[in-house]
Amino acid sequence: MPLAVLALAWLLGLVIAQVQTELLPMPLLLGMAVFALGVLGWSARTGLAQKTETLAITSGLWWLRLISIAVLACAWTGLQGHRDLLRRLPLALDNQTTSAQYVVIGLPVQSGQGFTAQVKALVLIEQGPKVMVDRQVWVTWFDACVRDCAQVIRVGQRWSSRLNWRAPHGHLNFYGDDAQQQLYAKQIYAQARVRGAAKLLAIGLTPTLGSWLEALRAKLIASMQTVLGGKTYAGVLIALVFGDQQGIDTGQWQWFANAGISHLVAISGTHVSLVASLGGLFAGFLFDHLRWHGQAITQRFSRRSVSVLTGLLCALVYCLLAGWGLSARRTFLMLATVSLSLLGRFRLRTSDALGIALFAITVLEPHAILAHGLWLSFTAVLALLAMGLAFQANVKKRRPELLSTQPAQLDQPGHSIQQTSFDQTVWFWCRQKRTDLLAWWRTKQVNRSFLCLLRFQCVLTLATLPLLAWIFPQVSVISVLTNLWAIPWVGAVVTPAALGLAFLSAVVAGFGLPLSSLEPLGQLVHALAVIGFAPVHWLVQTIPSTMDVTQAPIGWVLLSVLGVGLALCLPVGLSRHTAWLLLLPQLCWHPTHPETGGWRLTAFDLGQGESVLIETAQHQVLYDTGWQHGESDAVQNIVLPQLKAMGIRSLDDVVISHPDLDHVGGLATLQKTREIKQLWGSGLHPMVYRACRAGQFWEYDGVQFQMLAPRSDCANHTLEGAQRNRCSCVLRISGRWHSALLPGDIDAQTEKQLVQEVQTTRTTQKTPKRSRHQKKGKGQRKQTAQTRTQNQPAACATHPKQSVRQTSQKSKDKREGIPKVKLKGKHPKPLLEHTSDACEIGQPVPKTDVVLMSHHGSISSSALQWIQALKARHAIAQAGHHNRFGHPHPKVIQRWKEQGVRTWVSAQDGAIEVNSDASGLVVRTARQVRKRYWHDQKPVNALK
């Protein structure tokens, strides 16, 4: 049975284990492992393993081995999961601060606009309760940096400070990445933050081999940075060689993603293979010219063995210096497998080498399949393999004489180089076409080669499209063109030049010579990078380069994967090209919208900030845009990917409750990336916006949006101090069946004022009841109309796109003397009537089904009188995990619960979604929908 089939069964078992919400008990997992090993051993003892594949399949027991391998993979992953969960930080220490000494063993990472460094540290001594000894911890270090600051962090330093311990935790929304999953995939089981001043104890400690390699890597990166200086693509060149991507700024990453060439700045299989090839060729060339006692070395040793081993050694060193990423590991293991097959003189298919690499990676790290890079890397290699087999079949069909003989190349007496059939085809084809450049041009082979490359790039783009569309909420539409130019230039010109520059920099720095002597060479290498990336950058800026794609359910993704497999494996013909159409359901899928009169409210999980999306049948309203920290903001990191995955390309209304940075931080990014038809806000000067004021209302698809506060015109002015929170825009959403309230950051004083004004209004507006036979005279009706018109404030205006009332409602307004509002443009069809009382400032605060806790659940808000007046069923608090403000306050949560309200907190529940329709009010959370076993926060004993 091919190793590739066994690897697929192993992969299936890994996937089944990783999608579990809870790990199976350890005794059961041990029993599964023993059963699988017993079945495999029994099949070997009975001789099934020695039979041919045909006999094994006809015997009917081949599937038993596949199931056993899948069960073994599932059990192995579960056992590793139990081990990993036991290594987590105990919940008793979560958010606790203790003193510790630690050694920096990982390359520091600069993050944010200010000085913030993140390092992997080895905690050696714990003062106080003994809970953590010799454990790797991911440390976040404020007021520290990698270079050019007062407190520079380097590999090998030993520090002493107070650490605030954090259990691994991350934002979780309904779409996009799982931050906690990424931490688990990186084997980060504990986090810490440096509190106060840190004391440097020693320098140059390298307790492990890994830290010694990281220190060497840091020195090589520093020498190359000195040579390149602050040039535009210096960070890109360093990433090409060493895999350190923190020198690439946000703007470069953005247009790399838009052009579809982000994979070029990562340590890919192409880079590793290039280093191995260069090392093997140099060793072979040197080997041919070496002599020992007057005889050539080739008479004593095999030239091929030396070339293969040297190339493999160069690949290993390069992968270690480049960070030992998944793609680098996959390529090295494949090269090692092929090298062993060459040295052992046995035939090995490329698919078998790929299967062995998958086995080796996932046996050591079963959680490696949680990384997107592994799936994309293996998918691209499989697509290339399938295209190579198709090319071989095409050549065999058209030119059978190419495969009529077997190649035999002697390097030692009695030993011949046996290659795979694909290698044979390519070798013969290249030998057949070996002519001078002029003859090659005359036979128009350049055009044929270009068409062949174009075809390969198109097929590779389509093959990876299902995964890219599912992982990332956008697809580059110009990636075929950009990769046709960038891949050859970067792979054949820029990368070798960058490798040579890094090697010379290391040599010069090692001998203590000045690095300034290499600056002309650095300028030359940078010029090559400019030549490679300038056309791509121009193309991204000239034409629309990306297309947003909604995140389809996993069923549609599997259908697309099936289509890719059929298109790559079926014979050439109509059925093969038709199989690509199976990608369309995933690309054209859109999530369902609420029915008319219903609404959907999504409170995003974005940390200490606020952003809520309200959807109706055909419209979307966003309330607040979250936080901003330096160059990063909540819209760029969280909200925008959610909008892309949901297929939302424009927003009808954006309401900014008040100008605090945790509410308005992402507005600038939102304005650049999404069309905003109407901006509402409070204190947003000097921006152009419509100030909020009580009485404003508009209607979409039978859902009414109404402002309940502020009662004054404070939203038109610049706000300072407590007035910023008290002047928040309070928005009420009222559908056909349920309602919701978004109060911003109003405090208890404002809440009580709203409730007291309501009570006063109800008392003063009472009028004696009329008999049903009593009618108003014409003068009385006219006076009533004038009174209502005079009492209605100027701020009580409708939305610019407010719909015109139905005919029956128009006649009713005319009878009651309500003035008619003339609006221009196209208006949405009204399905929910609203009365003139909606424009009165003294309007009662009605009963509300869902409410957002004021000020993130602060102790200064959510007054008891306010809670009792709302009579809500659900209360949501958007707050960060272990935030420094203590939101939401335990007393506030208890206050809501005592009134019978179900409380939800984004830090614990992830994103919260509330659906209102005729069937009822349904609330679901992201941690319920996307629950996995690594989200489990049950107490554990201690870290070992």
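# Briefing: helix packing, sheets and local geometry

The crossing of helix 9 and helix 17 is right-handed. A crossing has this hand if the near helix is turned clockwise from the far one by less than a right angle, and is left-handed if the turn is anticlockwise. The model is predicted: local features need pLDDT of at least 70, side-chain atom pairs count only at pLDDT 80 or more, and totals for chains, interfaces and linings use all residues. Residues are numbered from 1 along each chain as its sequence is written, and side-chain values use heavy atoms, with hydrogens and water left out. Helices (H or I, at least four residues) and strands (E, at least two) are DSSP runs, numbered from the N terminus.

**Helix 9 and helix 17**

- Helix 9 (residues 269-288) packs against helix 17 (residues 479-510) at an angle of about 65°, and their axes are 11 Å apart. Axes are lines fitted to C-alpha atoms, for helices over the stretch in contact, and angles run from 0 to 180 degrees between N-to-C directions.
- Helix 9 and helix 17 are therefore roughly perpendicular to each other. Angles of 65 to 115 degrees count as roughly perpendicular, those under 35 as roughly parallel, those over 145 as roughly antiparallel, and the rest as oblique.
- From helix 9, His271, Leu274 and Val275 meet Gly491, Thr495, Pro496 and Leu499 of helix 17. Contact means heavy atoms within 4.5 Å.
- The residues of this contact of helix 9 with helix 17 comprise four nonpolar, three polar and no charged. Ala, Val, Leu, Ile, Met, Phe, Trp, Tyr, Cys and Pro count as nonpolar, Asp, Glu, Lys and Arg as charged, and the others, Gly among them, as polar.

**Helix 10 and helix 11**

- An angle of about 165° separates the directions of helix 10 (residues 303-321) and helix 11 (residues 326-344), which pack with their axes 10 Å apart. That makes helix 10 roughly antiparallel to helix 11.
- Helix 10 and helix 11 cross in the left-handed sense.
- Residues of helix 10 in the contact include Leu309, Leu312 and Leu316, while those of helix 11 include Phe332, Leu335 and Leu342. By class, the contact of helix 10 with helix 11 has 12 nonpolar, two polar and one charged residues.

**Helix 1 and helix 12**

- Helix 1 (residues 3-18) and helix 12 (residues 350-364) pack at an angle of about 30°, and their axes lie 8 Å apart. That makes helix 1 roughly parallel to helix 12.
- The crossing of helix 1 with helix 12 is left-handed.
- Among the residues that meet here are Trp10 and Leu14 in helix 1 and Ile356 and Phe359 in helix 12. The contact of helix 1 with helix 12 has 11 nonpolar, three polar and one charged residues.

- Eight strands form an open sheet of mixed pairing, in the order 22-21-19-15-14-13-30-31. Strand 22 (690-691) and strand 31 (920-925) stand at the edges with a single partner strand each, so one side of each is left without a neighbour in the sheet. Two strands pair if DSSP finds at least two bridges between them.
- Strand 15 (residues 620-623) and strand 19 (residues 653-656) run parallel and are joined by three bridges. Val621 has Asp653 of strand 19 as its bridge partner.

- Strand 27 (residues 850-852) pairs with strand 28 (residues 874-877) in the parallel sense over three bridges, and Leu852 stands opposite Ile876 in strand 28.

**Aromatic pairs**

- Rings of Phe, Tyr and Trp (its six-membered ring) pair if their centres lie within 6.5 Å; planes under 30 degrees apart count as stacked, over 60 as edge-to-face and the rest as tilted. By this rule the count comes to 16 aromatic pairs.
- The rings of Tyr184 and Tyr933 have centres 5.8 Å apart and planes at 90°, so the pair is edge-to-face. Tyr184 lies in helix 5 (residues 179-185) and Tyr933 in the segment after helix 32 (926-929), so the pair ties together parts that are 749 residues apart in sequence.

**Backbone exceptions**

- Most residues other than glycine have a negative phi, and most peptide bonds are trans.
- His685 and Pro686 are joined by a cis peptide bond with omega of about 10°; Pro686 lies in the loop between strand 21 (679-681) and strand 22.
- A cis peptide bond with omega of about -15° joins His887 and Pro888, and Pro888 is found in the loop between strand 28 and helix 30.
- Gln187, although not a glycine, has a positive phi of about 60°; Gln187 is placed in the loop between helix 5 and strand 6 (191-202).
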